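Here is a short report for a reader meeting this protein for the first time. Look at the structure, then read on.

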Amino acid sequence: MIFLKTKDEIELLRQSNLLVGRTLAEVAKLVKPGVTTKELDKVAEEYIRDHGAIPTFKGFPNPNGSPFPASICTSVNEQVVHGIPGDVVLKDGDIVSVDCGTYMNGFCGDSAYTFCVGEVDEDVRKLLKVTKEALYIGIRNAVHGKRLGDIGYAIQNHCESNSYGVVREFVGHGIGKEMHEDPQVPNYGKRGYGTMLKEGMCIAIEPMITLGNRAIVMERDGWTVRTKDRKCAAHFEHTVAIGSGDADILSTFEFIEEVLGDKAI
């Protein structure tokens, strides 16, 4: 069932999502060679809790195994999504996708950004750039009266025209009082197909794009998803509300990019 949100509920969603943006900016300050992903997670959890919220990822149930043990997902290089923070040391030339969720005042926030660690090869930087562009192209199609297929088609077309793979098995989602609500929001599709978008719908759009083949595998930890060919993957995510005109982006990369400056993608 798809729950349409009131204007007041959308403002509560915005507050949770702005906290995600600020948390990712705190993480951005630490992303550099020599730092472990566990250190990133520690800073994120402390920041979220210090601001009166709960990290929604921590303890998130896994039907096939143990609950998620951390407050953020840190997916390095060929890892697509759901990487578990640990003793992995970031190296010069790596990329790391950081996905973050918060729960505050009864509503969830969810956003992700892929960071460069030091000097990254230009072909990988281009993957990040195109994936981020695809996110905003998808958002431009998130308007009342269009359909979910219009969002997916726009993302897929932009990425495949640059010869990248579009992950099919993991998708965006509705968001509200629960982190994952209906509808599912694929990053592929046909124009004019799928659920019609209506004012008050709130969805998380999150392209997961690969440098090589789109095939993926699940690691033994039951969470980490990586590319089968071990080529890099990028992941960017915004939470948006469908309005009468352009989509209202409830999350933000502004705080992150203030930290990154001219190093931002």
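## Thr56 and its contacts

Thr56 touches Gly101, Thr102, Tyr103, Cys108 and Met179, leaving out residues up to four places away in sequence. Contact here means heavy atoms within 4.5 Å. Thr56 sits in the loop between β1 (54-55) and β2 (72-76). Thr56 counts as buried because its relative accessibility is 15%. Buried means under 20% relative accessible area, exposed over 50%, and partly exposed in between (1.4 Å probe, protein chains only).

This is a predicted model: local features need pLDDT of at least 70, side-chain atom pairs count only at pLDDT 80 or more, and totals for chains, interfaces and linings use all residues. Residues are numbered from 1 along each chain as its sequence is written, and side-chain values use heavy atoms, with hydrogens and water left out.

## The chain as a whole

The protein chain has five helices and 15 strands. These are DSSP runs, numbered from the N terminus: helices are H or I with at least four residues, strands are E with at least two. Along its principal axes, the C-alpha trace spans about 45 × 45 × 40 Å.

For 265 residues, a compact globule would have a radius of gyration near 18 Å; the protein chain has 17 Å, which agrees. That radius is taken over C-alpha atoms, and the globule rule is 2.2 Å times the number of residues to the power 0.38. Of the 265 residues, 55% count as buried. Take the contacts between residues at least 6 apart in sequence: 71% of them join residues at least 24 apart.

## Val96 in strand β4

Val96 belongs to strand β4 (residues 95-104). Val96 counts as buried because its relative accessibility is 0%. Setting aside neighbours within four places in sequence, Val96 is in contact with several residues, including Val31, Leu90, Tyr113 and Phe115. Val96 and Ala233 are 137 residues apart in sequence, yet their C-alpha atoms are 9.2 Å apart in space.

## Thr224 in a loop

Thr224 lies in the loop between β11 (216-218) and β12 (225-227). With a relative accessible area of 3%, Thr224 is buried. Its side chain makes a polar contact of 2.6 Å with the side chain of Asp221. A polar contact is a pair of N or O atoms within 3.5 Å; within protein, one must be able to donate a hydrogen and the other to accept it, and residues adjacent in sequence count only if both atoms are side-chain atoms.

Beyond four places in sequence, Thr224 touches residues that include Gln79, His82, Ile84 and Met218.
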